[in-house]
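Biologist: Let's go through this model by question and answer. Please keep it brisk.

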Amino acid sequence: MIRVVLPAHLKNLAHVNGEVRLEVTGPDAGPVTQRRVLETLEAQYPMLLGTIRDRHSGKRRAFIRFYACQEDLSNESPDTPLPERVVAGEEPFIILGAMAGG
């Protein structure tokens, strides 16, 4: 079970409180990656489709950041396996809305 923390505006959009818990499965049963987590999140909460990453290119939106185990994973490949503590459900995968300006 993957724990996902969403920013407040996406929680409101998805009508959830607290963390989202996802069972990340698939036909290949390969490693759990950012891509697989986001695909599962968007499948379970279709109202989030296009809010975290571009619908066509699949690229992360400019002001969205990903964190796990106190590390910024935003610029990692979406196919890089997530840390084992996240996969085990010990640590959350955090999606954060970044701010620009001062």
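Modeller: Two strands pair if DSSP finds at least two bridges between them. Keep in mind that this is a predicted model.

Biologist: Which residue stands opposite Val4 in S2?

Modeller: Start with the strands. S1 covers residues 2-5 and S2 covers residues 20-22. They run antiparallel, joined by three bridges. Within S2, the residue opposite Val4 is Val20.

Biologist: What is the bridge partner of Val4 in S5?

Modeller: S5 spans residues 93-97 and runs parallel to S1. Two bridges join S1 and S5. On the S5 side, Val4 is partnered by Phe93.

Biologist: In what order do the elements run from the N terminus on?

Modeller: The protein has three helices and five strands. Read from the N terminus, the order is β-α-β-α-β-β-α-β.

Biologist: What radius of gyration does the protein have, and why does it agree with a compact globule?

Modeller: The C-alpha box along the principal axes is roughly 40 × 30 × 25 Å. The globule rule for 102 residues gives a radius near 13 Å. The protein agrees with a compact globule because its own radius of gyration is 13 Å.

Biologist: What share of the residues is buried?

Modeller: Buried means under 20% relative accessible area. The protein exposes about 6,100 Å², with 51% of it from carbon and sulfur atoms. Of the 102 residues, the buried share is 36%.

Biologist: How far apart are the mean positions of the positive and negative charges?

Modeller: The protein carries 12 positive and 13 negative charges.

Methods: Residues are numbered from 1 along each chain as its sequence is written. This is a predicted model: local features need pLDDT of at least 70, side-chain atom pairs count only at pLDDT 80 or more; totals for chains, interfaces and linings use all residues. Side-chain values use heavy atoms; hydrogens and water are left out. Helices (H or I, at least four residues) and strands (E, at least two) are DSSP runs, numbered from the N terminus. The radius of gyration is taken over C-alpha atoms; the globule rule is 2.2 Å times the number of residues to the power 0.38. Buried means under 20% relative accessible area, exposed over 50%, partly exposed in between (1.4 Å probe, protein chains only). Accessible areas come from the Shrake-Rupley method with a 1.4 Å probe; for residues, only the protein chains shown count as cover. Lys and Arg count as positive and Asp and Glu as negative; His and the chain ends are not counted. The place of a charge is taken as NZ of Lys, CZ of Arg, CG of Asp or CD of Glu.
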